[in-house]
Protein chains: 2
Amino acid sequence: MDTELIKGTLSLLILSLLKRRAMYGYELATTVRQETNGAFEWKAGSLYPSLHKLEKDGLVRAQWQGKPEGRQRKYYHMTQTGEAVLAEKIESWSIISQAVNQVLEKPNE
Amino acid sequence: MDTELIKGTLSLLILSLLKRRAMYGYELATTVRQETNGAFEWKAGSLYPSLHKLEKDGLVRAQWQGKPEGRQRKYYHMTQTGEAVLAEKIESWSIISQAVNQVLEKPNE
DNA sequence: GATATTATATAGCTATTCTATATATAGAGA
DNA sequence: TCTCTATATATAGAATAGCTATATAATATC
């Protein structure tokens with residue numbers, strides 16, 4: 001598996017998942033692993049720094065789970081800015097993936 | 001345009017183009033720009049180092065244009081190893097792009 | 001003669017992701 | 001009770017790809 005191709009899809013997919021509903025980091029990782037049949041295995045060392053950057057850039061908003069006792073989860077919510085950036089990223093993905101397929105599918109000369 | 005998503009596609013597309021026929025660097029850049037309607041604008045600073053790496057890894061073989069006088073072009077030819085790696089990369093691209101689309105297309109909950 | 005295009009090359013920078021490590025709770029099994 | 005695994009988040013440091021900037025030189029165009 002050429003994981004180099006996965007680069008750049010991390011923030012796209014995080015935002016896409018959070019548009020459905022708020023999720024916490026670990027939940028994002030398990031959800032994407034399930035939905036992609038294991039093609040995407042997000043590591044904690046990739047996921048959490050990426051979430052922190054999205055928060056810093058104002059694309060998501062973080063909120064620790066209400067109850068103070070027990071294990072804490074940090075839920076990430078989509079912001080308006082995040083939705084706008086997601087729309088751009090989806091458009092970019094569409095253009096790029098189509099462009100790649102166009103080159104790959106052209107027959108030999 | 002979120003160029004981050006382009007990362008990883010460079011070597012995939014170079015190999016795909018060279019499978020058709022041998023080309024020189026500048027020709028690869030103009031060909032991909034045309035075929036993708038400008039979506040991919042490979043910069044010299046990305047393209048040439050990438051070609052050198054592919055050569056170092058034995059995926060392509062470089063050959064300066066025969067005639068010694070005038071402007072020189074370095075033609076890149078596909079190797080057997082390159083063809084095998086290309087096949088793997090195409091398979092990876094297929095899995096990854098399908099996985100991304102699967103997540104993007106799932107409706108909200 | 002001046003400018004734009006063709007053609008290749010590399011040093012250094014930036015940004016993303018990965019590896020490794022750390023901390024702590026919860027649950028299952030021996 | 002003890003141990004192991006899974007859950008849950010965090011960060012430092014390393015690796016690496018692609019970009020910017022710069023350099024060189026031939027050819028074509030005005």
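**Figure 1. Packing of helix α1 (residues 9-20) of chain B against helix α3 (residues 44-56) of chain B in a predicted model.** The two helices pack at an angle of about 70°, and their axes lie 11 Å apart. Angles of 65 to 115 degrees count as roughly perpendicular, so α1(B) is roughly perpendicular to α3(B). The crossing of α1(B) and α3(B) is right-handed.

**Figure 2. Residues in contact between α1(B) and α3(B).** From α1(B) come Leu10(B), Ser11(B), Ile14(B) and Leu15(B). On the α3(B) side, these residues meet Ser46(B), Leu47(B), Ser50(B), Leu51(B) and Leu54(B). Sorted by class, the contact of α1(B) with α3(B) comprises 6 nonpolar and 3 polar residues, with no charged residues.

**Figure 3. The interface between chain A and chain B.** Chain A contributes 38 residues to the contact, and chain B contributes 38 residues. About 3,600 Å² of area is buried between the two chains, and carbon and sulfur atoms give 66% of this area. Leu5(A), Arg20(A) and Trp93(A) together supply 21% of the area that chain A buries against chain B, which is more than any other three residues supply.

**Figure 4. A salt bridge between Glu35(A) and Lys106(B).** The count between chain A and chain B is 2 salt bridges. In one of these, the side chain of Glu35(A) meets the side chain of Lys106(B), with an N to O distance of 3.3 Å.

Key: Residues are numbered from 1 along each chain as its sequence is written. Chains are lettered from A and ligands numbered from 1 in the order in which they are written. This is a predicted model: local features need pLDDT of at least 70, side-chain atom pairs count only at pLDDT 80 or more; totals for chains, interfaces and linings use all residues. Side-chain values use heavy atoms; hydrogens and water are left out. Axes are lines fitted to C-alpha atoms, for helices over the stretch in contact, and angles run from 0 to 180 degrees between N-to-C directions. Helices (H or I, at least four residues) and strands (E, at least two) are DSSP runs, numbered from the N terminus. Angles under 35 degrees count as roughly parallel, over 145 as roughly antiparallel, 65 to 115 as roughly perpendicular and the rest as oblique. A crossing is left-handed if the near helix is turned anticlockwise from the far one by less than a right angle, and right-handed if clockwise. Contact means heavy atoms within 4.5 Å. Ala, Val, Leu, Ile, Met, Phe, Trp, Tyr, Cys and Pro count as nonpolar, Asp, Glu, Lys and Arg as charged, and the others, Gly among them, as polar. Buried area is the accessible area (1.4 Å probe) that two parts lose on being put together, summed over both. A salt bridge is a side-chain nitrogen of Lys or Arg within 4 Å of a carboxyl oxygen of Asp or Glu.
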